[in-house]
Amino acid sequence: MQDMLLILNFDSRYASTVAMKLRAERIDCRILPGDTPFEKVVAQGALGLVLAGGVTGEIPETLDGRLLSAGLPVLALGDPALGLVSLLG
């Protein structure tokens with residue numbers, strides 16, 4: 001398994017900023033679109049997920065709740081955090 005984090009892009013401005021900051025700390029990361037199928041996300045073999053989105057107050061419709069059951073640590077920033085709270089009830 002490669003030591004890598006996946007950044008799911010729900011807002012390109014925020015996702016690229018997060019990737020830039022992580023890479024500055026020498027943390028390998030890859031940005032994937034927020035609507036990437038669950039199976040493809042899991043197949044990447046990442047050590048954790050960062051869900052990066054804006055702060056519009058709108059829950060991303062493409063947020064897949066199965067990401068929470070993948071056994072990976074998840075950090076949600078911005079609107080995806082609202083989505084996770086909603087998924088958790």
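I looked up what covers the buried residues of α3, and the cover includes β3 and β4 (74-77). Contact here means heavy atoms within 4.5 Å. The model is predicted: local features need pLDDT of at least 70, side-chain atom pairs count only at pLDDT 80 or more, and totals for chains, interfaces and linings use all residues. Residues are numbered from 1 along each chain as its sequence is written, and side-chain values use heavy atoms, with hydrogens and water left out.

**Helix α3**

I listed the buried residues of α3 (residues 79-88): Asp79, Pro80, Gly83 and Leu84. Buried means under 20% relative accessible area, exposed over 50%, and partly exposed in between (1.4 Å probe, protein chains only). Helices (H or I, at least four residues) and strands (E, at least two) are DSSP runs, numbered from the N terminus. Down the axis of α3, the buried residues fall within an arc of 145°, so they line one face of the helix. I note that the arc uses the directions from the helix axis to the C-beta atoms. Val85 and Leu88 are exposed on the other side of α3.

**Whole chain**

I counted three helices and four strands. Their pattern along the sequence is β-α-β-α-β-β-α. The radius of gyration is 12 Å, close to the 12 Å from the globule rule for 89 residues, so the chain is as compact as a globular protein of that length. That radius is taken over C-alpha atoms, and the rule is 2.2 Å times the number of residues to the power 0.38. Of the 89 residues, 33% count as buried. I also checked contacts with a separation of 6 or more: residues 24 or more positions apart account for 69% of them.

**Cores**

I looked for nonpolar cores, meaning sets of buried Ala, Val, Leu, Ile, Met, Phe, Trp, Tyr and Cys residues joined through side-chain atoms within 4.5 Å. The largest has twelve residues, among them Met4, Leu32, Phe38, Leu63 and Leu84. β1 (5-9), α2 and β3 (48-52) each supply at least two residues of this core. A second, separate core has eight residues, including Ile7, Ala15, Ala19 and Ala52.

**Thr36**

I found Thr36 in the loop between β2 (29-33) and α2 (38-43). Thr36 is buried, at a relative accessible area of 12%. A polar atom of the Thr36 side chain lies 2.6 Å from the backbone oxygen of Pro33.

Definitions and conventions: A polar contact is a pair of N or O atoms within 3.5 Å; within protein, one must be able to donate a hydrogen and the other to accept it, and residues adjacent in sequence count only if both atoms are side-chain atoms.
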